[in-house]
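Visitor: Hello! Could you walk me through this structure, step by step?

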Number of protein chains: 2
Amino acid sequence: MSRFRSYMQVALAEARAAAARGEVPVGAVIVAPSGRIVAQAGNRTRELTDPTAHAEMLAIRGACAALGQERLTGHDLYVTLEPCPMCAAAISAARIGRLYFGAADPKSGGVTVGARVFAHPQCHHVPEIYDGLAETESARLLRDFFAGRRGSGGQA
Amino acid sequence: MSRFRSYMQVALAEARAAAARGEVPVGAVIVAPSGRIVAQAGNRTRELTDPTAHAEMLAIRGACAALGQERLTGHDLYVTLEPCPMCAAAISAARIGRLYFGAADPKSGGVTVGARVFAHPQCHHVPEIYDGLAETESARLLRDFFAGRRGSGGQA
């Protein structure tokens, strides 16, 4: 298995753990230039009653806390779903080097659609972007989760 | 003094306190439908070594924690500077009712310039927006702060 795929497997495991907690299944991993995972997180908006607690945000905050630094220059972020504008802007603020994401998010994404956060001069740092990594499995987790919630009367 | 101006004075006080801590001087306040202030915060990115710790983010997270809820429907947010795309998207996710901001931010803003987060169909909630409130004082605080940092050799 390629190195990239193995990091995405960790992100997918975080997404599955999020689903098991009743959270929208998205997972993220931050990898140091050395290849070491410095933070990994799943979505916890419900558990923390915090609308900013997306997987990417928790991973960025965790990595910065662990390293005692505000910027993650040279670090890579793997996430199972296209980041929303909030997370894309946080990725820029943290100076993440490379962004790898799984499924596209035409409904709420902010990278390839909508706000396209990295495509404006007001964005002071643009990561290298690699999409479509493990996109089938990433999308299937989300589809199954929302199908299950509709089936049980939960709100999607 | 109008009610709006008095809330903005609290946000300005948070911005001044941020400057005194060596942080970029931006302050934010969240007001409940009753008129009660439920959270107020200044920028703490340096102190917390957290690139997501903008005033608006801390205020939203503080209000959600205080109220034990993920959404701030009917609540208003006052902030001294135009929100960046991260904060604008968080304002949308939190379902803030009205956004009042002071100075425009042509360099890093995400509301009236750049990503224009609220102007896309991928943005599922758009607050009412009122800009230019106390903009002279809000902008002066930022200008003085960056002038002082340049003068002392600090990075702007």
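Guide: Gladly, and we start with a definition: the radius of gyration is taken over C-alpha atoms, and the globule rule is 2.2 Å times the number of residues to the power 0.38. This is a predicted model, where local features need pLDDT of at least 70, side-chain atom pairs count only at pLDDT 80 or more, and totals for chains, interfaces and linings use all residues. Residues are numbered from 1 along each chain as its sequence is written, chains are lettered from A and ligands numbered from 1 in the order in which they are written, and side-chain values use heavy atoms, with hydrogens and water left out.

Visitor: What radius of gyration does chain A have?
Guide: The C-alpha trace of chain A spans about 45 × 30 × 30 Å along its principal axes. For 156 residues, a compact globule would come out near 15 Å, and chain A agrees because its radius of gyration is 15 Å.

Visitor: Which pattern does chain A follow along the sequence?
Guide: Helices (H or I, at least four residues) and strands (E, at least two) are DSSP runs, numbered from the N terminus. Chain A has 4 helices and 5 strands. Read along the sequence, their pattern is α-β-β-α-β-α-β-β-α.

Visitor: Is Arg46(A) buried, partly exposed or exposed?
Guide: Buried means under 20% relative accessible area, exposed over 50%, and partly exposed in between (1.4 Å probe, protein chains only). Arg46(A) lies in the loop between β2 (37–42) and α2 (55–67) of chain A. Its relative accessible area is 39%, so Arg46(A) is partly exposed.

Visitor: How much area is buried between chain B and chain A?
Guide: The size of an interface is often given as the accessible area lost when the parts come together. Buried area is that loss (1.4 Å probe) for two parts put together, summed over both. Counting contact as heavy atoms within 4.5 Å, 31 residues from chain B meet 31 residues from chain A. Carbon and sulfur atoms give 63% of the buried area, which is about 2400 Å².

Visitor: Which residue of chain B forms a salt bridge with Arg61(A)?
Guide: A salt bridge is a side-chain nitrogen of Lys or Arg within 4 Å of a carboxyl oxygen of Asp or Glu. The rule finds 2 salt bridges across the interface of chain B and chain A. In one of them, the closest N and O atoms are 3.2 Å apart, and the partner of Arg61(A) is Asp50(B).

Visitor: Which residues of α3(B) are buried?
Guide: This helix is mostly covered, with 8 of its 9 residues buried. The cover includes α2 and α3 (85–93) of chain A, together with α2, β3 (76–81) and β4 (98–103) of chain B. The buried residues are Pro85(B), Met86(B), Cys87(B), Ala88(B), Ala89(B), Ala90(B), Ile91(B) and Ser92(B).

Visitor: What is the phi of Ala134(B) near?
Guide: Most residues other than glycine have a negative phi, and most peptide bonds are trans. Ala134(B) sits in the loop between β5 (128–131) and α4 (135–151) of chain B, and it is partly exposed, with a relative accessible area of 22%. Its phi is positive, near 55°.

Visitor: And where is Arg95(A)?
Guide: Arg95(A) also has a positive phi in a residue other than glycine, near 60°. Its place is in the loop between α3 and β4 (98–103) of chain A.
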